[in-house]
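Please look over the model below, then read the report that follows.

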Amino acid sequence: AVVSTQSTGICEDVQGKYCYTNFHGMDMTRDKLCSLVRKWQTLIEAHVDVKTTDGYLLRVFCMGFTKKLPKQIKKTAYAQASQVRAIRKKMVDIMAKQVGSEDLKAVVLKLIPDSI
């Protein structure tokens with residue numbers, strides 16, 4: 001199995017040889033990120049600050065890409081600025097809805113398989 005994310009935590013308590021951590025962040029690995037970004041398409045990035053149901057404030061980032069249609073002849077698949085704004089707004093709404101309705105543990109479980 002190829003791991004494409006890295007999770008980090010802050011050590012809260014040490015008991016014997018065990019270090020108990022609290023969730024601090026989750027990030028894509030560089031090779032996964034580089035494999036997604038390509039030429040001749042538009043990269044759309046969005047972020048939102050959302051509070052989970054158990055009170056944690058998360059800053060969630062999202063990346064989206066345009067793609068060519070199945071029978072498209074044109075080499076590029078760029079989006080216009082108004083389309084980018086509309087897509088970004090939709091991304092922010094979806095992230096706020098999905099993350100705001102769950103607790104931290106459920107959000108992390110959703111993010112691991114990229115189901116949002």
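How many disulfides does the structure hold? The structure holds 1 disulfide, a disulfide being a pair of cysteine sulfur atoms within 2.5 Å. This is a predicted model, where local features need pLDDT of at least 70 and side-chain atom pairs count only at pLDDT 80 or more, while totals for chains, interfaces and linings use all residues. Residues are numbered from 1 along each chain as its sequence is written, and side-chain values use heavy atoms, with hydrogens and water left out.

**Cysteines**

The disulfide runs from Cys-11 to Cys-19, with an S to S distance of 2.0 Å. Cys-11 is partly exposed at 35% relative accessible area. Cys-19 is partly exposed too, at 41%. Here buried means under 20% relative accessible area, exposed means over 50%, and partly exposed lies in between (1.4 Å probe, protein chains only).

Cys-34 has a relative accessibility of 47% and counts as partly exposed. Cys-62 is partly exposed at 27%.

**Salt bridges**

A search of the whole structure finds 3 salt bridges. A salt bridge is a side-chain nitrogen of Lys or Arg within 4 Å of a carboxyl oxygen of Asp or Glu.

| Asp-49 | Arg-59 | 2.6 Å |

Helices (H or I, at least four residues) and strands (E, at least two) are DSSP runs, numbered from the N terminus. Asp-49 is partly exposed at 43% relative accessibility. Arg-59 is exposed at 53%.

Asp-93 and Lys-89 sit in helix α2 (residues 81–100). They are 4 residues apart, a separation of about one helical turn. Asp-93 counts as partly exposed at 39% relative accessibility. Lys-89 counts as exposed at 55%. In the remaining pair of the table, Glu-102 is partly exposed, with a relative accessible area of 24%.

**The loop between α1 and β3**

Two residues of this loop deserve a look. Trp-40 lies in the loop between α1 and β3. Its phi is near 70°, a positive value in a residue other than glycine. Trp-40 is partly exposed, at 38% relative accessible area.

Is Gln-41 buried or exposed? Gln-41 counts as buried, at 13% relative accessibility. Gln-41 is found in the loop between α1 (30–36) and β3. The side chain of Gln-41 reaches the backbone oxygen of Leu-36 at 3.4 Å. That is a polar contact (a pair of N or O atoms within 3.5 Å; within protein, one must be able to donate a hydrogen and the other to accept it, and residues adjacent in sequence count only if both atoms are side-chain atoms). Beyond residues up to four places away in sequence, Gln-41 touches Leu-36, Phe-65, Thr-66, Ala-77 and Tyr-78. Contact means heavy atoms within 4.5 Å.

Leu-43 lies in strand β3 (residues 43–51). Its relative accessible area is 37%, which makes Leu-43 partly exposed. Which residues does Leu-43 contact, leaving aside its neighbours within four places in sequence? They are Met-63, Gly-64 and Phe-65. Leu-43 and Gly-64 are 21 residues apart in sequence, yet 6.0 Å apart in space, C-alpha to C-alpha.

Leu-43 also belongs to a nonpolar surface patch with Leu-33 and Val-37. Together the three have about 210 Å² of accessible area. Patches are made of residues with over 30% relative accessible area and no salt bridge; like charges are joined within 9 Å, and nonpolar side chains (Val, Leu, Ile, Met, Phe, Trp, Tyr) within 5 Å. Accessible areas come from the Shrake-Rupley method with a 1.4 Å probe, and for residues only the protein chains shown count as cover.
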